[in-house]
Amino acid sequence: MSKKIVESYKQKLAQENGWLVKQGAQIRIALCYPNTHAIGMANLGLHTMYELFNKIPEVSCERVFLPDADEMREYEKSRASLLSLETQTPIRDFDIVAFSISFETDYLNMARMLQLSGIPVWSKDRNHFHPLVIMGGAASFLNPEPIADFTDVIAVGEGEVLAFQLIDSILQGGDKEEILLRLARIGRGFYVPSLYDVIYNDDGTAFDYLPKETGIPKRVGRALAAVNPKEGTLRRAIKRGETELAEFLKNQDIFCPSTAVWSPQAEMGDRLLVEISRGCSQGCRFCWAGYNYYPPRVVPAKDILAKAAEWRGKTNKIGLVSTAVCDHPEISTILSELRKMDYRITVSSLRLDQISDELLDALVESKDQQIAVAPETGSDRLRRVINKNLTNDEIVDICGSVFDRGMLTVKLYMMVGLPTETEEDLDEMFILVERIKDRMLEAGKKFGRAGKIITSLNGFVPKPNTPLQWDAICDEKELKQKIKYVCKGLSRIPNVEVRFMSARIAHEQALFSSGDRNIAKVIESAARLKGNLNDALRETGIDPKFHTSRNREYGEFLPWSIVDSGLSFEFLKTEHEKAHEALSSKPCPAVEKCTTCGVCPTTWLADAPPSLIQIQPAKVREAIAAAF
Ligand code: SF4
């Protein structure tokens with residue numbers, strides 16, 4: 001064991017607060033985040049799983065990170081096996097190695113961490129002496145296929161539900177095969193890749209997935225934290241004065257995901273992070289997170305404020321994590337109570353159509369929030385293609401209300417390479433940014449200074465389980481030219497700074513998002529070759545364009561279909577067709593008795609088939625049914 005690595009880990013622990021080691025626990029879990037400590041500790045999913053696992057009396061959970069540059073050099077030099085942070089134990093000595101993966105681009109780091117640990121990367125090469133390798137996190141229900149062959153179990157869905165089911169199954173005993181079969185037979189939430197045969201067509205596309213054992217679902221349903229009230233249901237109950245129902249919904253036994261370990265040296269480590277809601281109702285057609293966290297659900301204000309009160313002695317900074325902060329039905333109460341506690345408030349992202357005066361005032365007061373908004377494009381037509389229902393005039397007005405409060409710098413997220421995009425659409429981006437810049441200069445006169453418009457350009461990457469999943473990514477050369485064209489045009493505008501993601505990176509992302517099981521070979525090879533994807537593609541002979549650059553037929557079996565998100569084929573197909581006709585759709589109402597996209601009928605309302613999701617406690621279903 002390298003003394004330098006142990007020393008580095010002990011220094012990190014010395015600066016943290018809230019970590020724990022449970023001696024003598026029956027099950028030891030190494031919770032791995034496939035990126036460095038500084039990045040991982042800003043991830044609420046990691047904090048959540050650390051807290052949830054350690055709540056279970058039989059479990060002791062420790063954290064493991066991708067070593068930073070200095071540590072990596074030391075690992076390579078000393079050939080030490082990858083260690084946990086808390087007790088510096090080799091992770092191969094744990095019972096479970098659980099990866100929490102939020103971004104598919106971290107798949108490479110997962111393979112790298114397994115290689116460093118001395119645990120065979122391929123599940124078929126592991127035996128009863130090796131830990132059970134589990135993968136969870138947002139990427140697990142995006143498309144887990146590229147890492148399916150590395151993993152014994154993929155937890156499909158949300159940790160609040162799955163952590164306890166997983167441990168229950170393991171505690172029932174049996175050997176590895178028995179545990180895997182038991183988990184797979186639950187029928188939702190646990191996907192065991194080794195229990196499926198993948199049948200391919202002659203052209204290399206998937207034909208079907210065949211379960212190898214009886215009692216295993218053909219598609220694995222996503223498990224949801226269904227005890228949280230749906231956003232629309234709670235909003236309506238409050239608005240209509242249905243006090244009894246509103247109180248009932250707010251008083252469920254709800255877990256409030258928040259910072260578990262205080263780690264000031266990590267990114268955003270000086271603030272309490274609290275997830276206030278999950279999912280977004282808008283249905284932007286490119287946005288994976290929007291559709292895959294349907295229906296939007298909230299953490300009631302009382303639970304958020306209780307957390308805030310508990311942490312106020314440690315910090316006066318709070319980060320509200322949500323894809324749609326202002327959609328929370330109790331946002332006024334949350335903001336005013338946090339301001340009374342003298343918290344400096346920041347938010348993880350702002351949706352343009354939902355910025356309220358109240359929120360802007362709170363953000364001005366906090367002084368450390370950079371306002372980042374996402375017009376995505378400068379073309380109103382293209383915004384209808386992606387179902388972002390705002391016009392350029394509205395965007396300029398909204399930015400104006402930000403500037404009028406003295407916040408003169410905004411970051412604008414833009415996308416290039418969207419389906420049906422024309423050169424005129426790209427030119428409209430220059431006009432919009434110019435208008436926003438003019439509005440900023442006008443507001444700046446009052447404050448005697450000028451700000452900056454930071455534009456961040458990303459190539460569009462089609463994501464699984466979205467209406468644009470059938471579209472190809474824009475050809476790499478063409479995307480590169482488009483990015484260059486837009487960068488050049490924007491950089492001519494004064495007070496505008498341009499940042500961009502390369503076409504190469506967009507294509508790498510697309511490969512990990514939309515690839516099938518064969519991509520594991522590329523990932524394993526690239527991890528061995530220090531991240532060199534080109535060499536890995538050469539070594540494996542895999543053509544990335546087959547996975548990224550084809551418009552797919554509606555009839556094609558998509559590799560990620562093994563995971564059943566609940567979204568119906570008909571819904572996604574209709575939305576895809578509407579996208580190509582530039583027709584917009586209404587947002588998700590997030591209420592009971594809606595059947596629009598297919599998610600709720602399979603989770604709350606109907607007698608769901610066993611392979612789908614049905615996890616809301618009966619008493620909650622009954623109370624809601626009685627109220628409608
Ligand atoms: S079924 Fe309706 S309420 Fe439920 S997620 Fe879909 S659109 Fe939203």
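**Entry 1: a strand pair**

I started at I154, and in this predicted model I found that I154 stands opposite Y191 in β6. I then looked up how the two strands run. Strand β5, residues 153-155, pairs with β6 in the antiparallel sense, and two bridges join them.

Next I asked myself where β5 and β6 sit in the sheet. The sheet is open and has six strands, and I read their order as β2-β1-β3-β4-β5-β6. I noted the pairing as mixed. At the edges I found β2 (59-65) and β6 (190-191), each of which pairs on one side only. I marked Y191 again here, as the residue of β6 that faces I154.

**Entry 2: the largest cavity**

The largest cavity has about 70 Å³ of space. Around this cavity I listed E160, A225, N228, F255, P257, E275, S277, R278, R297, V298 and V299. Two elements give two or more residues to the lining, namely β11 (277-278) and β12 (297-298). By class, I have the lining of the largest cavity down as five nonpolar, four charged and two polar residues.

**Entry 3: E556**

My last stop was E556, which I located in the loop between α21 (544-548) and β19 (563-564). Is E556 buried or exposed? I have E556 down as buried, because its relative accessibility is 15% and the cut-off for buried is under 20%.

I then checked what E556 touches. Leaving out residues up to four places away in sequence, I found contacts with T205 and R550. With R550 there is also a polar contact: the side chains of E556 and R550 are joined at 2.9 Å. So that I can find the spot again, because E556 counts as buried at 15%, I pencilled in T205 and R550 as the residues it touches.

Terms used. Residues numbered from 1 in each chain as written. Predicted model: local features only at pLDDT ≥ 70, side-chain atom pairs only at ≥ 80, totals over all residues. Heavy atoms only, no water. Helix = DSSP H or I, 4+ residues; strand = E, 2+ residues; numbered from the N terminus. Buried < 20%, exposed > 50% of the residue type's maximum accessible area, 1.4 Å probe, protein only. Polar contact = N/O pair within 3.5 Å; in protein donor to acceptor, adjacent residues only side chain to side chain. Contact = heavy atoms within 4.5 Å. Pairing = 2+ DSSP bridges. 1 Å grid on protein atoms, 1.4 Å probe; cavity = no way out; pocket = protein on both sides within 12 Å on 5 of 7 lines; lining within 4 Å. Points joined across faces, edges and corners; volume = space filled by probe spheres on them. Nonpolar A, V, L, I, M, F, W, Y, C, P; charged D, E, K, R; others polar.
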